[in-house]
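Please keep the sequence and the structure in view while you read.

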Amino acid sequence: MADIRGTYDDLFTAVPNTLAGLLDEGDAGASVAVFVDGESVVDVWGGFADADRTTPWQQDTITNVWSVTKTMTALCALVLADRGDLDPTAPVARYWPEFATAGKDKVLVRHLLAHTAGLPDWDGPIEELYDWPAATARLAASAPQWDPGSAAGYHSLTQGFLVGEVVRRVTGRSLGEFFAEEVAGPLAADFHIGLPAAHDHRVALAVPPSPHDGDYTASAPGRSASPATGTAVRVRDGNSTAWRRAQIPAASGFGNARSVALVQSVMACGGTARGVRLLSQPGCDRARQEQISGEDRRLGMPVRYGLGYGLFGNTFGWGGWGGSLVMIDPEARMAVAYVTNQMREPADDNRGLELVMAAYDGLKRLRA
């Protein structure tokens, strides 16, 4: 059995055992964390940080969590909404006047957060993702593909620039700066949107699923997805230095399961974790206000979106390309995070769900 390191409550042994099983099946490396009542009950890791399996995954190893980053970006917007500095029901143009062109004057902030703004595709060059003014100017000039608010279509790359520019207009700080100063800093969470070079040595690069190489690109999990028309991101793009340095708030966050679960446990515990209050209970509840449900035009599958999070029964959260995931259960006051460098095909990947179910096994024992 794979060697699993870290700490965990004995009631939650199913979690490290499940992780060990995934590594035994051939995964490179990963970390898993479970927080209950804002405190860690599982913090484990194992495997390797590189495709050649020569560098062991360490306690401080971090990796790109892809779209799990969206939950961090959403939290920033929710903090501002809770403070009264941002109105989710207001037109985006109230904060970003240049956005009110090409039929976007009626796009609301909540449409950005719920993937209903009609701007799902990034159609610029990859290099422009690393240039914030150029990326946001391109989106400001774009026309929506459908009547905003009328349908969902996953904004895989664009959502972060759209929400992030609103945050920048409201606060005068970039999304990465606001997150670092207002969220990660107070919580002492090792999560970064725009990774400084000093952390490069800790990064586990993404490992594409066999038999793919660095040219592997994302595909929609559902069969009814519309054909992608935007620029495809390759694994090699996400593994580049330029990607790490850039702030791509929908997809370029770097952290580990410990930091993801710690930050999102704020949402599981009424706005507070480890004695730090980031927002109120009503501010947390706002995330679960359903904005739209139905077939997602880009994912080709049924979805329910709240404000920045996917809704799944009584839980909410989101997953990233390749397998990383965060799940938040406010009734249980639990957050579960799985962060891996080992990508799998979306249709064949149940790892996050297996680990969430293992966490619930421990929670049942804890509450017994």
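Q: Why is E165 called buried?
A: Buried means under 20% relative accessible area, exposed means over 50%, and partly exposed is what lies in between (with a 1.4 Å probe and protein chains only). E165 has a relative accessibility of 1%, so E165 counts as buried. This is a predicted model, in which local features need pLDDT of at least 70 and side-chain atom pairs count only at pLDDT 80 or more, while totals for chains, interfaces and linings use all residues. Residues are numbered from 1 along each chain as its sequence is written, and side-chain values use heavy atoms, with hydrogens and water left out.

Q: What makes the contact of R168 with E165 a salt bridge?
A: A salt bridge is a side-chain nitrogen of Lys or Arg within 4 Å of a carboxyl oxygen of Asp or Glu. The closest N and O atoms of R168 and E165 are 2.8 Å apart, and the pair therefore meets the rule. Both residues lie in helix α5 (residues 158-171), 3 residues apart, which is about one turn of the helix; helices are DSSP runs of H or I with at least four residues, strands are runs of E with at least two, and they are numbered from the N terminus.

Q: What makes D200 and R244 a salt bridge, and which parts does the pair tie together?
A: The side chains of D200 and R244 meet at 3.0 Å, N to O, and the pair is therefore a salt bridge by the 4 Å rule. D200 lies in the loop between β5 (192-193) and β6 (203-204) and R244 lies in helix α8 (residues 241-245), so the pair ties together parts that are 44 residues apart in sequence. With a relative accessibility of 23%, D200 counts as partly exposed, whereas R244, with a relative accessible area of 8%, is buried.

Q: How do you know that D37 and R333 form a salt bridge, and where do they lie?
A: Their side chains come to 2.7 Å, N to O, which means that the pair meets the 4 Å rule. D37 is in the loop between β2 (29-36) and β3 (39-47), and R333 is in the loop between β14 (325-329) and β15 (334-340), so the pair ties together parts that are 296 residues apart in sequence. D37 is partly exposed at a relative accessible area of 38%, and R333 is partly exposed at 35%.

Q: How many salt bridges are counted by this rule?
A: The count comes to 25 salt bridges. E25, D27, R344, D349 and R351 are linked in a network of salt bridges.

Q: Why is C76 said to be in no disulfide?
A: A disulfide is a covalent bond between the sulfur atoms of two cysteines, and here the term is given to a pair of cysteine sulfur atoms within 2.5 Å. The structure holds 0 disulfides. For C76, the nearest cysteine sulfur, that of C284, is 14 Å away, so C76 is in no disulfide. For C284, the nearest cysteine sulfur is that of C269, 8.8 Å away, and C284 is therefore in no disulfide. C76 is buried, with a relative accessible area of 0%, and C284 is buried, with 2%.

Q: Why is the aromatic pair of Y216 and W321 called stacked?
A: Rings of Phe, Tyr and Trp (its six-membered ring) pair if their centres lie within 6.5 Å, and planes under 30 degrees apart count as stacked, over 60 as edge-to-face and the rest as tilted. Y216 and W321 are 5.6 Å apart, centre to centre, with 25° between the planes, so the pair counts as stacked. Both Y216 and W321 are buried.

Q: What makes the pair of Y305 and W318 tilted?
A: The centres are 5.8 Å apart and the angle between the planes is 55°, so the pair of Y305 and W318 counts as tilted. Y305 lies in strand β11 (residues 302-305) and W318 in strand β13, so the pair ties together parts that are 13 residues apart in sequence.
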